[in-house]
Amino acid sequence: MKCALDIEVREVEELYINIDPIQAGGRLTPAAMKSAIAYGDGYSVCDHCLSPFRLDYIRNPPIAQFHADLAAWLRMDEVRVVPGARRGFQAVASTYVEKGDPVILTSLAHYTEFMAIEEAGGVAREIPKDENNHITPDATAEKIEAVIREFKRTPPLLFIDHVDYQYGNVHDVRAIARVAHQYDIPVLLNGAYSVGIMPVDGKALEVDFVVGSGHKSMASPAPSGLVAATAEHAERVFRTTTAKGDVTGRTFGLKEVEMMGCTLMGVTVIGMMASFPHVRERVQRWDREVAHSQTVVDALLSIEGTRVLSDHPRQHTLTRIDTRNSLDKVARTHKKRGYFLSRDLKTRGIVGVIPGSTKVWKFNTYGLTEKQIRHVADSFVEIAREYGLNVS
Ligand SMILES: *Cc1c(COP(=O)(O)O)cnc(C)c1O
């Protein structure tokens, strides 16, 4: 079936259990889907935009209230919605980083952090991870010292991933932020894998910025996300324009430079808003999500030779698993090679494991029901048994 032309209807979420690492937290709620259809037209949220003509002041639909609610929810002072977490990094880096400045991130940092630093003319410097794939406060202090020696200046910004995309490990953000603050370095929390799926309290984490991804973790259409700041930093990152036309003398009021005036003007902001009540509620059920993730990991670990590379017991729903000494042994002799796994999973109604991968791979159990979790866990065990692997 086609939506239009050669564009096929996408029915992955209707027909399968999807454990794709990046898609789990972004699945829309029914409310977001309905609202997306109603607000699909271009500048659809602008019907009632009044002076000073800025997205976050619009009261109908209640976009202004949504901004206030988001800030309170994250315990930060100001929030703006942006087209993806990356645009949040970009706004902050472009404000704080001057050409040649060193900027600290980590050896588990997402590539979009590097891009934001590069675009601002900065030079990225990584805090090494330890043998447990953690970023420690000590390693942070050492790196800051080394960077100050190398560049003869203090980095203007530090990025820390709340939960890294490689292992799904939860990092000790508050302790790291405290180290950075001893050097007066503002801290940006990358909450792409936390904001919207688990509780996030910017004040308790003692960070200066919180960045979230709507389409990764807030059940929202792409591209969407948010950048939140403390009052102190909001003034800088959300500064208003001082531009003036030399011929016309025009000025542009309260438009914010880093936001290019307005950001999400239709289906994206409306989708975030429509999902927000559900999102706010679901983060309270994080413990259950983590337990579900553990159930699937336990099933995989019951297959002899399997190792979990993420923290164990699990503290997140994104997990990196090593099946080189279990499922990959099957791949070596199977006529479909590594593709047997994704095929056998699909036969059982499960998708999201990269076709062909049986060595080191990731999956995300976020949002599955009890029954679906049981089915995923049992399916891995069944597949292993079918090929004669030992299951304990
Ligand atoms: C997905 C991801 C991003 C990018 O998020 P967008 O909203 O797509 O820009 C950034 N950081 C991490 C850790 C991610 O997993």
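**Entry 1: the cavity.** I took a cavity to be a set of points, on a 1 Å grid over the protein atoms alone, where a 1.4 Å probe fits but cannot get out, and a pocket to be an open set with protein on both sides within 12 Å along at least five of seven lines; lining residues have an atom within 4 Å of a point. Grid points are joined across faces, edges and corners, and a volume is the space filled by probe spheres set on the points.

This is a predicted model, in which local features need pLDDT of at least 70 and side-chain atom pairs count only at pLDDT 80 or more, while totals for chains, interfaces and linings use all residues. Residues are numbered from 1 along each chain as its sequence is written, and side-chain values use heavy atoms, with hydrogens and water left out.

I looked for cavities of 30 Å³ or more and the count was one. The largest cavity has a volume of about 60 Å³. Among the residues in its lining I noted Arg54, Asp56, His67, Arg80, Glu256 and Cys262. I sorted the lining by class and got four nonpolar, three polar and four charged residues. The classes count Ala, Val, Leu, Ile, Met, Phe, Trp, Tyr, Cys and Pro as nonpolar, Asp, Glu, Lys and Arg as charged, and the others, Gly among them, as polar.

**Entry 2: the largest pocket.** I read a volume of about 730 Å³ for the largest pocket. It is lined by 29 residues, and Glu13, Ala24, Gly26, Arg27 and Leu28 are the closest to its centre. Elements that each supply at least two lining residues include α2 (30-38), α11 (267-282) and α12 (286-301). Helices (H or I, at least four residues) and strands (E, at least two) are DSSP runs, numbered from the N terminus. By class, this lining has eleven nonpolar, ten polar and eight charged residues.

**Entry 3: the ligand.** Which pocket does the ligand take up? The space taken by the ligand is the second largest pocket; a molecule sits in a pocket if more than half of its atoms lie within 2 Å of its grid points. I found 14 residues around the ligand, with Ala85, Arg86, Ser213, His215 and Lys216 the closest. The shell takes its largest share, three residues, from α4. The shell divides into five nonpolar, six polar and three charged residues.

I then checked polar contacts, here pairs of N or O atoms within 3.5 Å. Ligand oxygen atoms lie 2.7 Å from a side-chain N or O atom of Arg86, 2.7 Å from a polar side-chain atom of Ser213 and 2.5 Å from a side-chain N or O atom of Lys216. The protein covers 96% of the 380 Å² of accessible area (Shrake-Rupley method, 1.4 Å probe) that the ligand has on its own.

**Entry 4: the backbone.** Most residues other than glycine have a negative phi, and most peptide bonds are trans. I noted a cis bond from Asn60 to Pro61, with omega near -5°; Pro61 is in the loop between α2 and α3 (63-74). Another cis bond joins His312 and Pro313, with omega about 5°. Leu5 has a positive phi, near 45°, and lies in the loop between β1 (2-4) and β2 (7-8).

How values were computed:
Near = heavy atom within 4 Å. Polar contact = N/O pair within 3.5 Å; in protein donor to acceptor, adjacent residues only side chain to side chain.
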